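The exercises below are meant to be worked through with the sequence and the structure in view. Try each task before reading its solution.

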Amino acid sequence: MPPSEMDAEVFLTYANVSEEDVRNRTVVVIDVLRACSTIATALERGARAVMPVADMAEAGKIAANLGPDVYRLGGERDGDKIDGYHLGNSPAEYAAETVQGRDIILNTTNGTRALTQATSAEHLVVGCFLNASRVVDFVRAAADEVTLICAGHNNRLSLEDTLCAGLLLDRLWDDRLPDVVTDSAHTAFTLYDTDRTSLETSLRRANHAEELVALGYADDLDYCFRVDALSVLPYHTDNRLLRYDEQSTA
Ligand code: MLT
């Protein structure tokens, strides 16, 4: 099948994604602000693995089985670092000297929950603007179908994730809406097509972007909205995300 006809399904939030929806599919989970951008950054800067978890209890259980220097606990609630954790959810905190050679246990409100809900996928990868090209190359090589799951924000659509899904579709479909398309894929593609010439302006108006600015994380927007800045592909295997090149040769 030519790439321009690739079968693509889009979930605009992860709230109603079931195991059935992802089984035997190639799945991309998208959380631009900020979990997926943070995961890509941590792996790019040398983290050994990122373990996405759904809640505090799971994070604590994993940490209890690791030596104190082997891991770092990262995550947020309401945008800020969780009490007692080493790191928040700002990619800027995931510097090479902090993450190199370590496992990162990551616990966020939407992004890591979306990931834990999609683990029955045939292939599960992490997508954001930073690694958009890498995601498109992987999907094209792996399958003739894809499911894009936008994490969204507190069970609602988020503009930044929808626009990122639209950008991925635009590339997978070579700039042209296929004749047969689902409503949600149509929505993401069309929204991106409308906003593509003023993408950054639209992204800065997103509700979650404005919330992060109010919390003092304006620099994270500059970082997370860069398209194709990183070539890393986080790939899920055995309850952890590894750089795709490393997992494929492991
Ligand atoms: C989330 O998972 O909800 C986000 O990554 C929140 C954030 O911006 O830290």
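A residue is called exposed when its relative accessible area is over 50%, buried when that area is under 20%, and partly exposed in between. The model used in these exercises is a predicted one.

**Exercise 1.** Decide whether glutamate 20 counts as buried or exposed, and find the residue whose side chain meets that of glutamate 20 in a salt bridge.

*Solution.* Begin with the accessibility: glutamate 20 has a relative value of 59%, which is over 50%, and therefore glutamate 20 counts as exposed. Next, look for the partner, where the side chains of glutamate 20 and arginine 23 meet in a salt bridge, with 2.9 Å from N to O. Arginine 23 has a relative accessible area of 37%, so this residue is partly exposed. In general, side chains of opposite charge can pair when their charged atoms come close. A further salt bridge joins the side chains of glutamate 145 and arginine 25, at 3.4 Å from N to O, and the structure holds 17 salt bridges.

**Exercise 2.** Describe where the ligand sits and which residues surround the ligand.

*Solution.* First, locate the ligand, which sits in the largest pocket. Then list its surroundings, which include Asp31, Glu76, Asn89, His208 and Leu212, and sort the shell, which divides into three nonpolar, six polar and three charged residues. Finally, examine oxygen atoms of the ligand: one lies 2.6 Å from a side-chain N or O atom of threonine 108, and a polar side-chain atom of arginine 34 lies 2.8 Å from an oxygen atom of the ligand. The protein covers 98% of the 270 Å² of accessible area that the ligand has on its own.

Technical notes. Residues are numbered from 1 along each chain as its sequence is written. This is a predicted model: local features need pLDDT of at least 70, side-chain atom pairs count only at pLDDT 80 or more; totals for chains, interfaces and linings use all residues. Side-chain values use heavy atoms; hydrogens and water are left out. A residue is near a molecule or strand if one of its heavy atoms lies within 4 Å of it. A polar contact is a pair of N or O atoms within 3.5 Å; within protein, one must be able to donate a hydrogen and the other to accept it, and residues adjacent in sequence count only if both atoms are side-chain atoms. Accessible areas come from the Shrake-Rupley method with a 1.4 Å probe; for residues, only the protein chains shown count as cover. On a 1 Å grid over the protein atoms alone, a cavity is a set of points where a 1.4 Å probe fits but cannot get out, and a pocket is an open set with protein on both sides within 12 Å along at least five of seven lines; lining residues have an atom within 4 Å of a point. A molecule sits in a cavity or pocket if more than half of its atoms lie within 2 Å of its grid points. Ala, Val, Leu, Ile, Met, Phe, Trp, Tyr, Cys and Pro count as nonpolar, Asp, Glu, Lys and Arg as charged, and the others, Gly among them, as polar. A salt bridge is a side-chain nitrogen of Lys or Arg within 4 Å of a carboxyl oxygen of Asp or Glu. Buried means under 20% relative accessible area, exposed over 50%, partly exposed in between (1.4 Å probe, protein chains only).
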